[in-house]
Amino acid sequence: MLQGRDAMADAELIAMLIGGGSPKQTAVNLAAQILRSIDFNLSRLSKLSIEELCRFKGMGHAKSSSIISAMELAVRLAKDQPQFYLKAVNH
């Protein structure tokens, strides 16, 4: 489980994919809520469906699709360049 600075960095990156929050919740807070629900496990995030992401208040199909697309690109990158992926996670 990620904690502290790493968890916040993940929330900020996901917030960029979300784009914007709502009057009651920032995109960073929404991203942090999603991450908390999956114990900050990005592997679990990559397996969430659009329907599961849409259950979070403020997440519609467009925002959910953005996250799913980014996660799929990361999975493809890891498959195509395993040595790059290993270097990235070891830093």
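Ser-64 is buried, with a relative accessible area of 0%. Here buried means under 20% relative accessible area, exposed means over 50%, and partly exposed is in between, all with a 1.4 Å probe and counting protein chains only. Ser-64 sits in helix H5, which covers residues 61-80. Helices are DSSP runs of H or I with at least four residues, strands are runs of E with at least two, and both are numbered from the N terminus. Leaving out residues up to four places away in sequence, Ser-64 touches Ile-50, Leu-53, Cys-54 and Met-59. Such a contact means heavy atoms within 4.5 Å.

Before going on, two notes on how to read this. The model is predicted, so local features need pLDDT of at least 70 and side-chain atom pairs count only at pLDDT 80 or more, while totals for chains, interfaces and linings use all residues. Residues are numbered from 1 along each chain as its sequence is written, and side-chain values use heavy atoms, with hydrogens and water left out.

**The chain as a whole**

The secondary structure comes to six helices and zero strands, which reads along the sequence as α-α-α-α-α-α. Of the 91 residues, 24% count as buried. Among contacts between residues at least 6 apart in sequence, 38% join residues at least 24 apart. The accessible surface is about 6,300 Å², and 57% of that surface belongs to carbon and sulfur atoms. These areas come from the Shrake-Rupley method with a 1.4 Å probe, and for residues only the protein chains shown count as cover.

**Helix H5, side by side**

Let us stay with H5 for a moment. At 1.5 Å a residue, its 20 residues should span 28 Å, and its end C-alpha atoms are 28 Å apart, which agrees. The expected span is 1.5 Å times one less than the number of residues. Which residues of H5 are buried? They are Ser-64, Ile-67 and Met-71. Seen down the axis of H5, the buried residues fall within an arc of 65 degrees, so they line one face of the helix. That arc is taken from the directions between the helix axis and the C-beta atoms. The face turned away from this buried side carries the exposed residues His-61, Ala-62, Leu-73 and Asp-80.

**The nonpolar core**

The largest nonpolar core has 19 residues, and those with the most contacts inside it are Ile-14, Ile-18, Ile-34, Leu-45, Leu-53, Met-59 and Ile-67. A nonpolar core is a set of buried Ala, Val, Leu, Ile, Met, Phe, Trp, Tyr and Cys residues joined through side-chain atoms within 4.5 Å. Helix H1 (4-18), H2 and H5 each supply at least two residues of this core, and the largest share, six residues, comes from H2. In helix H2 (residues 27-37), the residues Ala-27, Leu-30, Ala-31, Ala-32, Ile-34 and Leu-35 are buried. Ile-18, leaving aside neighbours within four places in sequence, is in contact with Ala-27, Leu-30, Ala-31, Ile-34, Met-59, Lys-63 and Ile-67.

**Salt bridges**

How many salt bridges does the structure hold? There are two. A salt bridge is a side-chain nitrogen of Lys or Arg within 4 Å of a carboxyl oxygen of Asp or Glu.

| Salt bridge | N to O distance |
|---|---|
| Asp-39 and Arg-44 | 3.2 Å |
| Arg-76 and Glu-72 | 2.9 Å |

Asp-39 is partly exposed at 44% relative accessibility, and Arg-44 is partly exposed at 39%. Arg-76 counts as partly exposed at 49%, and Glu-72 does so at 35%. Because Arg-76 and Glu-72 are four residues apart in helix H5, about one helical turn separates them.

**Loops worth a look**

Asp-39 lies in the loop between H2 and helix H3 (42-45). Its phi is near 55 degrees, a positive value in a residue other than glycine. Phe-40 lies in the loop between H2 and H3, and its phi is near 60 degrees, again positive in a residue other than glycine. Is Phe-40 buried or exposed? Phe-40 is buried, with a relative accessible area of 19%.

Lys-47 lies in the loop between H3 and helix H4 (50-54) and counts as exposed at 62% relative accessibility. The C-alpha atoms of Lys-47 and Glu-72 are separated by 9.3 Å, with the two residues 25 apart along the chain.
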